[in-house]
Each structure stands twice: as structure tokens, then as C-alpha cells.
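Thanks for making the time this morning.

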Amino acid sequence: MLRLLITRPAAQAQVQCDALRLRGWQADKLPLIAIAPMPDSSQVQRAWQHLTSYTWVFFVSPNAVEQFFGARPLGHTTVWPQSVRVAAVGPATVGALLQAGIPKGQITAPCHDAESIDSEALWGQLASLSWSGHRVLVVRGNGGRTWLADQLGAQGAHVDFLQAYTRTVPVWGEAERSLLAQALRTPQQHVWLFSSSQAIDHLVAWEQTQAGRAQPSTHVWRAARALATHPRIAGRAQAAGFSRILTSGPQLAAIEACIQSTPW
């Protein structure tokens with residue numbers, strides 16, 4: 001049976017692993033991105049103090065939600081202002097928002113069965129609204145795409161970015177190093193699940209460092225198999241050297257169907 005390697009940050013990887021195992025798959029987490037709070041949370045706390053000055057707050061990931069709410073100032077009201085709408089890129093982020101106490105009626109996100117879950121899909125839900133003069137706060141980690149902010153700005157919105165957490169290379173223990181070594185020895189028995197281009201960059205850099213090479217080698221990944229949840233991520237995997245790449249939606253059912261229908 002194929003062994004699925006889940007490369008999302010540890011908390012999300014564990015959830016996905018558990019769900020896949022319940023469906024009968026052999027799945028193991030091998031986080032390629034570590035999430036850490038900001039060393040100085042003053043910017044996040046300041047955003048909380050001025051929350052009602054925004055018409056919309058956009059959250060790019062569940063981590064953005066968790067870190068933003070985790071840094072809420074002591075004594076701040078737990079009730080989300082009715083005047084502030086919330087936007088989320090995907091269903092996992094919606095789930096985190098609901099858990100944080102945001103009313104479902106205040107959240108806008110792509111349809112659960114959308115072909116893609118990305119900024120373009122979210123913009124499809126928002127493009128018809130009037131944005132002129134509105135202030136929008138985008139809560140994210142370090143870096144990331146600005147495509148959605150560009151669309152909002154073109155429609156007259158004023159967009160502020162707030163970095164609420166950092167994405168870094170995780171520190172692996174013996175279990176993770178052993179799992180990677182096994183995946184490299186038997187690539188035909190493993191499928192890498194990538195939901196981030198940055199995860200691929202971290203994987204390539206880690207292998208390069210361990211091998212003591214000055215430059216990354218695309219040859220290392222030539223026989224490896226990967227499933228990417230977006231065409232951009234698939235393109236990054238191809239550039240890294242993966243030659244057997246599938247692309248599917250991020251939903252578990254879509255991932256499962258994609259793997260089952262492919263004669264590896």
C-alpha cells in the first residue's frame with residue numbers, strides 16, 4: 001500500500017493524517033513548515049485595538065486565525081464586532097474562525113466544493129461587492145501572495161497587511177529523519193502531499209544540507225511521487241525535480257480519488 005507523507009505544519013498534518021487513516025490509508029506526518037508566534041505581539045494587539053476601523057478582515061490560513069486570536073489583548077471583548085466582515089480562503093480556515101467564535105453569517109469563503117481553494121476562488125465571492133473607501137486587514141504569516149490585495153486595491157480598497165506568525169524550517173527528530181530516508185530509498189512506495197510551495201523549498205534545502213552539496217539536485221526527486229493541491233505548487237514540485245506529480249483539490253475526498261485513479 002502507498003504511504004502518504006503529510007507535509008503541512010504539525011497540527012494540521014496530524015488532523016489530515018488521522019482523517020486519512022480513518023479512510024484506510026497509511027499516512028504519516030512529516031511537517032515541512034513550522035509555525036511560530038511573533039516574538040513581539042504588539043502589532044497584533046494594536047490591530048485588535050483598532051479592529052472596528054476595518055470593514056473586512058481576511059485570514060489566509062488556520063494558523064493566521066489561531067495566532068491572531070492567541071495574541072488578543074487581555075481583557076479585550078470576546079465578541080466579534082458585527083460591523084466587521086471576515087473572509088477565509090478555505091474550509092479549514094472557516095473551521096478555525098467558527099471555533100474562535102466568529103458567527104457563520106459574518107464569514108465569506110469559497111464554496112466547499114470549489115474546484116480550487118485559493119485567492120482567485122475567494123475573489124469570485126467578493127468581486128461584485130463595492131470596495132471603494134473600505135479598509136481591509138489581511139492577517140498572514142511572513143511573505144505570501146499579494147494577488148487578492150491587488151484586486152482589492154484596484155477596486156478602491158485600502159489594504160493593510162498584518163504578520164501574525166512566522167513560517168520557518170521545522171526541527172526534525174530521529175523519527176522524521178528516518179521517515180525521509182525511507183522515502184528516498186523506496187520512492188515508489190510513498191506519495192508526498194504538498195499544500196505549500198514553501199514546504200517543497202524546505203524539503204529540497206534540507207536534503208541538500210544533509211547531503212553536503214553546494215547546490216540542490218533535481219536528480220534526487222526524479223523517482224519520487226507527489227500530489228499537489230494547486231497547479232502553482234505542482235509547478236514548484238516539477239522545478240524541484242519531481243517527475244510524477246498529480247494535482248487535485250485540497251479536500252480529502254479529492255485527494256483520495258486522485259490517488260486511487262492514477263496508475264502510478
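Predicted model: local features only at pLDDT ≥ 70, side-chain atom pairs only at ≥ 80, totals over all residues.

Residues are numbered from 1 along each chain as its sequence is written, and side-chain values use heavy atoms, with hydrogens and water left out.

Let me begin with helix 1, residues 10-22, where helices (H or I, at least four residues) and strands (E, at least two) are DSSP runs numbered from the N terminus.

Which residues of helix 1 are buried? They are Q12, A13, Q16, C17 and L20, with buried meaning under 20% relative accessible area, exposed over 50%, and partly exposed in between, for a 1.4 Å probe and protein chains only. These residues lie on the same side of helix 1, because they cover an arc of only 135 degrees around the axis, the arc being that of the directions from the helix axis to the C-beta atoms. On the other side of helix 1, A11, V15 and L22 are exposed. The cover over the buried residues includes strand 1 (3-6), strand 2 (26-29), helix 3 (62-70), strand 10 (190-194) and helix 10 (252-260), and contact in this talk means heavy atoms within 4.5 Å. Just after helix 1, G24 takes a positive phi of about 95 degrees.

Helix 7, residues 174-185, has twelve residues and reaches 16 Å from first to last C-alpha, close to the 16 Å expected. Its buried residues include L179, L180 and A183, and these sit on the same side of helix 7, since their arc around the axis is only 100 degrees. On the other side, E174 and R185 are exposed. The buried residues of helix 7 pack against strand 1, strand 2, strand 10 and helix 8 (197-211).

Now the single residues. V159, in strand 8 (residues 158-163), is buried at a relative accessible area of 19%, and, not counting residues up to four places away in sequence, V159 touches V136, V138, A149, L152 and G153. A234, in helix 9 (residues 231-240), is buried at 10% and, with neighbours within four places set aside, is in contact with A228, I245 and T247. Q45, in helix 2 (residues 42-49), is partly exposed at 31%; leaving aside neighbours within four places in sequence, Q45 is in contact with A71 and P73.

Finally, how many cavities of 30 Å³ or more does the structure hold? There is one. A cavity is a set of points, on a 1 Å grid over the protein atoms alone, where a 1.4 Å probe fits but cannot get out, and lining residues have an atom within 4 Å of a point. The largest cavity has about 30 Å³ of space, and its lining consists of L32, V169, P170, W172, H202 and W206.

Key
1 Å grid on protein atoms, 1.4 Å probe; cavity = no way out; pocket = protein on both sides within 12 Å on 5 of 7 lines; lining within 4 Å. Points joined across faces, edges and corners; volume = space filled by probe spheres on them. Expected span 1.5 Å × (residues − 1).
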